[in-house]
Amino acid sequence: MRSRENNTLFVAAALGLTLAILVTFQVYILREPMRIRLVQAADKQAAEAAGQELYADNCATCHGTNGEGGIGPALNSRDLLTATMDETLAGLTRFGVPSTLMPAWGQASGGPFTDEQLNQLVAFIRAWEPTAPEISLVAEEPDPMRGAKIYETTCFICHGQEGQGTSNAPTLNDPERLQKFDDIWYHNTIGRGRLSKVMPTLVTVLSLAQFNVVVSLIAAWREGESVAAEFPLATFVTNALFAIREFDRPDAIFYLKNSIPLADRDQAEEIQAIIILIEDNRLFEAESSLIAFLPPEEMGRASFDSNCSPCHGDDGTGGMGPNLHGSSFFQSKSDTELAEFILAGRRNTAMDGFEGILGNEEIDNIIILMRSWQE
Ligand code: HEC
Ligand code: HEC
Ligand code: HEC
């Protein structure tokens, strides 16, 4: 009897203990997701706080203390934040926007920030989203023609001249697919790329404003419109010159063949002759024929369009950089001094030097063009 009583007590105690363990464990299981959520919330808060500091020290001067914009566009904007994924924001910050005042901040591009710091910045910017005011993404109207210019320098190599596709990349102007996806989908697909399938991440080369005009081109295709960019003949010629100097014969021939429809009969014959020189690997002769092919001022215009007008305006009439018409600095310098200035740039301003980017004749041609503006 005694032993039985003892047993019962023991069993009861063991049962109680088991129950206690179960209850504790159960509660623990129930609380685990909450715990994770709390830790995540704390991490997020810490990231946002770190991001806030980085932002105040590095970004506020151009984008405004509260992201309202200034020299740079507003980042605290409903449209921008809903249309832009974290990867795109991080990519734009990491690589900067070439040919604008937006510097590259990622260490791989020579900037100060690690990936973790970039993520902290994005976390801080993202936290604006719920209360972000409606500021339109770009003040500019959708501009399919400008989109076509970007498309025809950045996308057509893979996707074909009018988006018809090539062996490298799918058709983009397929009406069925265009109906199926909206602008935001295209915006994100183009921004993110599909790296595993050779579609590059274009945040490295396009700004958001450029994404928007490319997407407006795709929207025009959706409406059944055909939009062709118009390039001056000189653009193809300068591209071909650049390719020759890189000893890239296929590219040089590609640009010259594409220039033929823009040329008159005599010019077309001359271009054919230059193509033959390139095919024969007589690159120096091809180079000098190309340099003499168009008047220097016309060549200078093509070089100015792609290298200087993003800051100095289409006709040098000014933008982010000063108006170059009637510049007393310009007028007071000799051609040699100006060429040196363009190569070296001006320290601590957005006017970077073009050493290694522009060749001597290109600079000479740009100067000839700019001289024509001084009268
Ligand atoms: C010297 C001025 C300057 C500074 C400093 C600067 N930005 Fe910018 N940023 C710009 C300009 C100008 C643009 C617009 C570029 C263009 O024309 O596409 C821009 C564009 C952007 C964009 C794309 C937004 C859009 O609508 O195109 C993001 C994101 C951005 N900046 C984030 C940052 C962050 C984060 C920092 C701080 C680490 C920073 N910027 C510091 C000038 C600046
Ligand atoms: C180096 C070649 C290459 C370049 C340059 C390129 N793409 Fe692509 N793109 C691809 C490939 C390959 C795919 C298909 C990826 C896949 O199979 O998912 C693709 C897919 C796409 C898609 C998705 C199509 C769909 O219906 O699923 C879009 C949109 C797109 N590209 C737009 C662009 C735009 C706009 C540009 C220029 C700003 C561009 N691409 C530049 C190779 C390229
Ligand atoms: C990223 C923007 C940017 C680009 C691209 C750029 N510039 Fe500038 N440029 C500037 C700024 C900003 C200044 C004024 C610098 C200062 O504050 O002193 C300037 C100054 C100049 C000046 C001196 C003007 C004066 O009155 O002091 C000349 C000349 C000039 N640039 C020519 C060029 C040429 C030629 C190109 C193309 C090969 C070019 N720039 C490309 C931004 C740019």
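Trainee: In which helix does glycine 147 lie?

Mentor: This is a predicted model, in which local features need pLDDT of at least 70, side-chain atom pairs count only at pLDDT 80 or more, and totals for chains, interfaces and linings use all residues. Residues are numbered from 1 along each chain as its sequence is written, while chains are lettered from A and ligands numbered from 1 in the order in which they are written. Helices are DSSP runs of H or I with at least four residues, strands are runs of E with at least two, and both are numbered from the N terminus. The helix that holds glycine 147 covers residues 144–154 and is α6.

Trainee: Is glycine 147 buried or exposed?

Mentor: A residue is buried if 20 or more other C-beta atoms, placed from the backbone, lie within 10 Å of its own, exposed if 12 or fewer do, and partly exposed in between. Glycine 147 has 25 other C-beta atoms within 10 Å, so it is classed as buried.

Trainee: Which residues does glycine 147 touch, not counting those up to four places away in sequence?

Mentor: Two residues are in contact if their C-beta atoms, placed from the backbone, lie within 7 Å. With residues up to four places away left out, glycine 147 touches Val213, Val214, Ser216 and Leu217.

Trainee: What share of the residues of the protein is buried?

Mentor: The protein has 19 helices and zero strands. Of its 375 residues, the share that counts as buried is 28%.

Trainee: How many of the residues of α5 are buried?

Mentor: Helix α5 runs over residues 115–126 and reaches 16 Å from its first C-alpha to its last, close to the 16 Å expected, where the expected span is 1.5 Å times one less than the number of residues. Its buried residues include Leu118, Leu121, Val122 and Ile125. α5 is mostly covered, and of its twelve residues the number buried is nine.

Trainee: How are α4 and α5 oriented to each other?

Mentor: The axes of helix α4 (residues 86–95) and α5 come within 9 Å and cross at roughly 125°; axes are lines fitted to C-alpha atoms, for helices over the stretch in contact, and angles run from 0 to 180 degrees between N-to-C directions. Angles under 35 degrees count as roughly parallel, over 145 as roughly antiparallel, 65 to 115 as roughly perpendicular and the rest as oblique. The two helices, α4 and α5, are therefore oblique.

Trainee: What is the handedness of the crossing of α4 and α5?

Mentor: A crossing is left-handed if the near helix is turned anticlockwise from the far one by less than a right angle, and right-handed if clockwise. For α4 and α5 the crossing is right-handed.

Trainee: How many nonpolar, polar and charged residues are in the contact of α4 with α5?

Mentor: On α4 the contact uses Asp86, Leu89, Ala90, Thr93 and Arg94, and on α5 it uses Leu118, Asn119, Leu121, Val122, Ile125 and Arg126. Ala, Val, Leu, Ile, Met, Phe, Trp, Tyr, Cys and Pro count as nonpolar, Asp, Glu, Lys and Arg as charged, and the others, Gly among them, as polar. By class, these residues are six nonpolar, two polar and three charged.

Trainee: Where does asparagine 281 lie?

Mentor: Although asparagine 281 is not a glycine, its phi is positive, about 65°. It counts as exposed, with 9 C-beta neighbours inside 10 Å. Its place is the loop between α13 and α14.

Trainee: What is the phi of phenylalanine 247?

Mentor: Most residues other than glycine have a negative phi. Phenylalanine 247 lies in the loop between α11 (233–245) and α12 (249–259), and is exposed, with 10 other C-beta atoms within 10 Å. Its phi is positive and near 55°.

Trainee: How is α15 oriented to α19?

Mentor: Helix α15 (residues 296–307) and helix α19 (residues 360–372) have axes that come within 7 Å and cross at roughly 100°. That makes α15, relative to α19, roughly perpendicular.

Trainee: Which residues does serine 309 touch, not counting those up to four places away in sequence?

Mentor: Serine 309 is part of helix α16 (residues 309–312). With 17 other C-beta atoms within 10 Å, serine 309 is partly exposed. Leaving out residues up to four places away in sequence, serine 309 touches Phe304 and Asp314.
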